[in-house]
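Below are my notes, in the order I made them.

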Amino acid sequence: MKNYFIIAILLIFMGCWNAPAINTSYDFSEVSSIKLNRVIDHSNKIGSGQIMEDNLSFMFMKNGFDVSQTKEDGTVININANQKNRLLLDCTLTEYTDRETILIPFRIEDRGSIETIITQSTESDEKNKNALATTSTTTTTDGGSIQESGRVEYTQARVGLILKIIDENSGLLVWSHSYWYSGIELPRTAQICAKNSIGQLSDLLEKNN
(Lines give C-alpha, C1' and ligand atoms only; values in the text may rest on other atoms or scores of the structure.)
Protein backbone atom coordinates (compact mmCIF):
# COMPACT_ATOMS: atom_id res chain seq x y z
CA MET A 1 0.00 0.00 0.00
CA LYS A 2 2.85 2.39 0.83
CA ASN A 3 4.34 1.99 -2.65
CA TYR A 4 1.07 3.04 -4.28
CA PHE A 5 0.97 6.29 -2.32
CA ILE A 6 4.58 7.02 -3.37
CA ILE A 7 3.63 6.46 -7.01
CA ALA A 8 0.62 8.75 -6.63
CA ILE A 9 2.75 11.55 -5.18
CA LEU A 10 5.24 11.24 -8.03
CA LEU A 11 2.44 11.40 -10.58
CA ILE A 12 1.04 14.57 -9.01
CA PHE A 13 4.31 16.50 -9.31
CA MET A 14 5.51 15.67 -12.79
CA GLY A 15 6.75 17.64 -15.77
CA CYS A 16 8.66 17.07 -18.96
CA TRP A 17 12.28 18.23 -19.11
CA ASN A 18 13.03 17.87 -22.82
CA ALA A 19 15.59 20.21 -24.35
CA PRO A 20 14.39 23.03 -26.66
CA ALA A 21 15.08 23.14 -30.39
CA ILE A 22 17.53 25.94 -31.24
CA ASN A 23 18.71 27.34 -34.57
CA THR A 24 22.43 27.25 -33.81
CA SER A 25 23.28 29.50 -36.78
CA TYR A 26 21.21 32.39 -35.44
CA ASP A 27 23.09 35.15 -33.62
CA PHE A 28 21.12 35.79 -30.40
CA SER A 29 23.61 38.50 -29.38
CA GLU A 30 21.97 40.84 -31.94
CA VAL A 31 18.52 40.60 -30.38
CA SER A 32 17.12 43.90 -29.11
CA SER A 33 13.77 42.71 -27.75
CA ILE A 34 11.13 39.98 -27.74
CA LYS A 35 7.46 40.76 -28.33
CA LEU A 36 5.08 38.37 -26.58
CA ASN A 37 2.11 37.78 -28.88
CA ARG A 38 -1.37 37.36 -27.45
CA VAL A 39 -1.98 33.89 -26.02
CA ILE A 40 -5.29 32.35 -27.11
CA ASP A 41 -7.45 30.80 -24.39
CA HIS A 42 -7.52 27.03 -24.09
CA SER A 43 -10.96 25.55 -24.74
CA ASN A 44 -11.09 24.23 -21.16
CA LYS A 45 -10.68 27.63 -19.50
CA ILE A 46 -11.79 31.14 -20.45
CA GLY A 47 -9.07 33.62 -19.48
CA SER A 48 -6.30 31.00 -19.51
CA GLY A 49 -4.46 32.89 -22.26
CA GLN A 50 -4.18 36.06 -20.19
CA ILE A 51 -3.12 34.04 -17.16
CA MET A 52 -0.28 32.45 -19.13
CA GLU A 53 0.76 35.84 -20.60
CA ASP A 54 1.00 37.23 -17.08
CA ASN A 55 3.01 34.23 -15.91
CA LEU A 56 5.45 34.47 -18.82
CA SER A 57 5.94 38.21 -18.22
CA PHE A 58 6.46 37.60 -14.53
CA MET A 59 9.07 34.91 -15.18
CA PHE A 60 11.03 37.14 -17.56
CA MET A 61 11.11 39.80 -14.83
CA LYS A 62 12.19 37.19 -12.27
CA ASN A 63 15.12 36.37 -14.56
CA GLY A 64 16.26 40.01 -14.63
CA PHE A 65 14.81 41.28 -17.91
CA ASP A 66 13.03 44.63 -18.37
CA VAL A 67 9.41 44.08 -19.38
CA SER A 68 7.17 46.81 -20.80
CA GLN A 69 3.44 46.65 -21.52
CA THR A 70 1.70 49.19 -23.76
CA LYS A 71 -1.54 49.23 -25.74
CA GLU A 72 0.34 49.57 -29.02
CA ASP A 73 2.97 46.84 -28.61
CA GLY A 74 1.51 44.69 -25.84
CA THR A 75 4.14 42.91 -23.77
CA VAL A 76 7.76 43.43 -24.81
CA ILE A 77 10.86 41.93 -23.16
CA ASN A 78 13.73 44.38 -23.59
CA ILE A 79 17.14 42.76 -23.93
CA ASN A 80 19.67 45.08 -25.60
CA ALA A 81 18.74 48.56 -26.82
CA ASN A 82 21.94 48.76 -28.90
CA GLN A 83 20.84 45.91 -31.19
CA LYS A 84 18.23 45.89 -33.97
CA ASN A 85 16.77 42.39 -34.31
CA ARG A 86 13.32 41.85 -32.82
CA LEU A 87 11.87 38.45 -32.00
CA LEU A 88 8.24 37.37 -31.73
CA LEU A 89 7.26 34.87 -29.03
CA ASP A 90 4.20 32.70 -29.69
CA CYS A 91 2.69 30.57 -26.92
CA THR A 92 0.06 27.91 -27.60
CA LEU A 93 -1.73 26.25 -24.71
CA THR A 94 -1.98 22.54 -25.46
CA GLU A 95 -3.44 21.61 -22.06
CA TYR A 96 -5.17 23.54 -19.30
CA THR A 97 -7.05 21.09 -17.09
CA ASP A 98 -8.21 21.82 -13.56
CA ARG A 99 -8.97 19.19 -10.89
CA GLU A 100 -8.87 16.06 -13.00
CA THR A 101 -9.44 13.04 -10.76
CA ILE A 102 -7.31 9.97 -11.44
CA LEU A 103 -7.90 6.55 -9.90
CA ILE A 104 -5.14 3.99 -9.56
CA PRO A 105 -6.59 0.53 -8.87
CA PHE A 106 -4.49 -1.95 -6.95
CA ARG A 107 -4.83 -5.32 -5.29
CA ILE A 108 -3.29 -6.83 -2.21
CA GLU A 109 -2.20 -10.46 -2.43
CA ASP A 110 -1.76 -12.64 0.62
CA ARG A 111 0.07 -15.68 -0.68
CA GLY A 112 -0.56 -17.62 2.50
CA SER A 113 1.91 -19.36 4.77
CA ILE A 114 3.33 -22.83 5.34
CA GLU A 115 4.00 -24.08 8.87
CA THR A 116 6.13 -27.19 9.35
CA ILE A 117 6.42 -28.97 12.73
CA ILE A 118 9.09 -31.65 13.22
CA THR A 119 8.79 -33.97 16.23
CA GLN A 120 11.58 -36.33 17.29
CA SER A 121 11.41 -39.13 19.87
CA THR A 122 13.85 -41.75 21.09
CA GLU A 123 12.94 -45.30 22.19
CA SER A 124 15.39 -47.69 23.94
CA ASP A 125 15.68 -51.35 22.97
CA GLU A 126 16.67 -53.24 26.20
CA LYS A 127 17.68 -56.37 24.35
CA ASN A 128 20.09 -54.73 21.95
CA LYS A 129 20.87 -51.76 24.17
CA ASN A 130 20.40 -49.39 21.24
CA ALA A 131 18.34 -46.20 21.04
CA LEU A 132 15.88 -45.88 18.16
CA ALA A 133 15.08 -42.32 17.00
CA THR A 134 11.83 -41.57 15.15
CA THR A 135 10.84 -38.37 13.38
CA SER A 136 7.38 -37.15 12.38
CA THR A 137 6.60 -34.04 10.26
CA THR A 138 3.34 -32.07 10.18
CA THR A 139 2.80 -29.41 7.47
CA THR A 140 -0.03 -26.84 7.56
CA THR A 141 -0.74 -24.66 4.52
CA ASP A 142 -2.77 -21.41 4.60
CA GLY A 143 -4.29 -20.64 1.20
CA GLY A 144 -4.11 -16.83 1.62
CA SER A 145 -6.40 -14.27 -0.04
CA ILE A 146 -6.57 -11.60 -2.77
CA GLN A 147 -8.18 -8.16 -2.30
CA GLU A 148 -8.90 -6.27 -5.54
CA SER A 149 -11.26 -3.52 -4.40
CA GLY A 150 -8.63 -1.06 -3.14
CA ARG A 151 -7.60 2.06 -5.05
CA VAL A 152 -5.51 5.21 -4.72
CA GLU A 153 -7.38 8.38 -5.71
CA TYR A 154 -5.91 11.85 -6.22
CA THR A 155 -6.75 15.09 -8.00
CA GLN A 156 -4.36 16.90 -10.30
CA ALA A 157 -4.17 19.98 -12.50
CA ARG A 158 -2.23 19.90 -15.76
CA VAL A 159 -0.87 22.65 -18.01
CA GLY A 160 0.94 22.19 -21.31
CA LEU A 161 2.31 24.69 -23.81
CA ILE A 162 4.36 25.11 -26.97
CA LEU A 163 6.63 28.15 -27.33
CA LYS A 164 7.99 29.39 -30.67
CA ILE A 165 10.32 32.34 -31.30
CA ILE A 166 10.48 33.86 -34.78
CA ASP A 167 12.73 36.59 -36.16
CA GLU A 168 10.35 39.44 -37.06
CA ASN A 169 12.24 40.55 -40.17
CA SER A 170 13.17 37.22 -41.78
CA GLY A 171 10.38 35.00 -40.41
CA LEU A 172 13.02 32.47 -39.39
CA LEU A 173 12.10 30.09 -36.55
CA VAL A 174 15.03 30.37 -34.15
CA TRP A 175 13.82 28.65 -30.96
CA SER A 176 11.02 26.25 -30.00
CA HIS A 177 10.11 24.37 -26.88
CA SER A 178 7.20 22.27 -25.59
CA TYR A 179 6.49 21.76 -21.94
CA TRP A 180 3.88 20.35 -19.56
CA TYR A 181 3.53 20.13 -15.81
CA SER A 182 1.11 18.44 -13.40
CA GLY A 183 0.38 19.70 -9.90
CA ILE A 184 -2.35 20.05 -7.30
CA GLU A 185 -3.56 23.64 -7.91
CA LEU A 186 -4.05 25.08 -11.39
CA PRO A 187 -2.60 28.61 -10.77
CA ARG A 188 0.57 27.16 -9.22
CA THR A 189 0.84 24.56 -11.99
CA ALA A 190 0.63 27.25 -14.69
CA GLN A 191 3.28 29.31 -12.91
CA ILE A 192 5.74 26.42 -12.63
CA CYS A 193 5.15 25.48 -16.26
CA ALA A 194 6.05 29.05 -17.32
CA LYS A 195 9.01 29.17 -14.95
CA ASN A 196 10.67 26.01 -16.23
CA SER A 197 10.17 26.80 -19.92
CA ILE A 198 11.28 30.46 -19.72
CA GLY A 199 14.24 29.48 -17.54
CA GLN A 200 15.90 27.68 -20.45
CA LEU A 201 15.27 30.60 -22.82
CA SER A 202 16.68 33.05 -20.29
CA ASP A 203 19.87 31.01 -20.02
CA LEU A 204 20.31 31.20 -23.79
CA LEU A 205 19.74 34.98 -23.93
CA GLU A 206 22.03 35.72 -20.99
CA LYS A 207 24.79 33.60 -22.48
CA ASN A 208 24.70 35.58 -25.72
CA ASN A 209 24.38 39.09 -24.26
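This is a predicted model: local features need pLDDT of at least 70, side-chain atom pairs count only at pLDDT 80 or more; totals for chains, interfaces and linings use all residues.

**Salt bridges.** I searched the whole structure and got 3 salt bridges.

I began with Arg86 and Asp73, whose closest N and O atoms are 3.9 Å apart. Arg86 is in strand E6, while Asp73 sits in the loop between strand E4 (66–70) and E5, so the pair ties together parts that are 13 residues apart in sequence.

Next I looked at Glu168, which also forms a salt bridge with Arg86, with 3.8 Å between the closest N and O atoms. Glu168 belongs to the loop between strand E11 (151–167) and strand E12 (173–183) and Arg86 to strand E6, so this pair ties together parts that are 82 residues apart in sequence.

The last one I noted is Arg158 with Glu95, where the side chains meet at 2.7 Å, N to O. Arg158 is in strand E11 and Glu95 in strand E6, so I wrote this down as a link between distant parts of the chain, 63 residues apart. Through shared partners, the salt bridges join Asp73, Arg86 and Glu168 into one network.

**Buried or exposed?** I checked how open these residues are. Arg86 has 18% relative accessibility, and buried means under 20%, so Arg86 counts as buried. Asp73 comes out at 35% and counts as partly exposed. Glu168, at 38%, is partly exposed too. For Glu95 I found 24%, which also counts as partly exposed.

Which residues does Asn85 touch? I first placed Asn85 in strand E6 (residues 85–105). At 12% relative accessibility, Asn85 counts as buried. Leaving out residues up to four places away in sequence, I listed its contacts as Tyr26, Glu30, Val31, Ser32, Ser33, Asp167 and Asn169.

**Strand E3.** I then went to strand E3 (residues 31–36). I found 6 of the 6 residues of E3 buried, so the strand is largely enclosed by the rest of the structure. E3 pairs with strand E5 (residues 74–78) in the antiparallel sense, over 4 bridges. I picked out one partner: Lys35 bridges to Val76 in E5.

**Around Asp27.** Where is Asp27 found? I traced Asp27 to the loop between strand E2 (21–22) and E3. At 35% relative accessibility, Asp27 counts as partly exposed. Its side chain joins that of Ser29 in a polar contact of 2.4 Å. I also looked up Asn208, which is 181 residues from Asp27 along the chain; the C-alpha atoms of the two are separated by 8.1 Å.

**The nonpolar core.** Which residues of the largest nonpolar core touch the most other members? The core has 35 residues, and my list reads Phe28, Met52, Leu56, Leu87, Leu161 and Leu163. At least two residues each come from E3, helix H2 (48–62), E6, E11, E12 and helix H3 (186–207). H3 gives the most, with 9 residues.

I finished on Leu163. Not counting residues up to four places away in sequence, Leu163 touches Leu56, Leu89, Asp90, Cys91, Trp175, Ser176, His177, Ser197 and Ile198.

Methods. Residues are numbered from 1 along each chain as its sequence is written. Side-chain values use heavy atoms; hydrogens and water are left out. Buried means under 20% relative accessible area, exposed over 50%, partly exposed in between (1.4 Å probe, protein chains only). Contact means heavy atoms within 4.5 Å. Two strands pair if DSSP finds at least two bridges between them. A salt bridge is a side-chain nitrogen of Lys or Arg within 4 Å of a carboxyl oxygen of Asp or Glu. A polar contact is a pair of N or O atoms within 3.5 Å; within protein, one must be able to donate a hydrogen and the other to accept it, and residues adjacent in sequence count only if both atoms are side-chain atoms. A nonpolar core is a set of buried Ala, Val, Leu, Ile, Met, Phe, Trp, Tyr and Cys residues joined through side-chain atoms within 4.5 Å.
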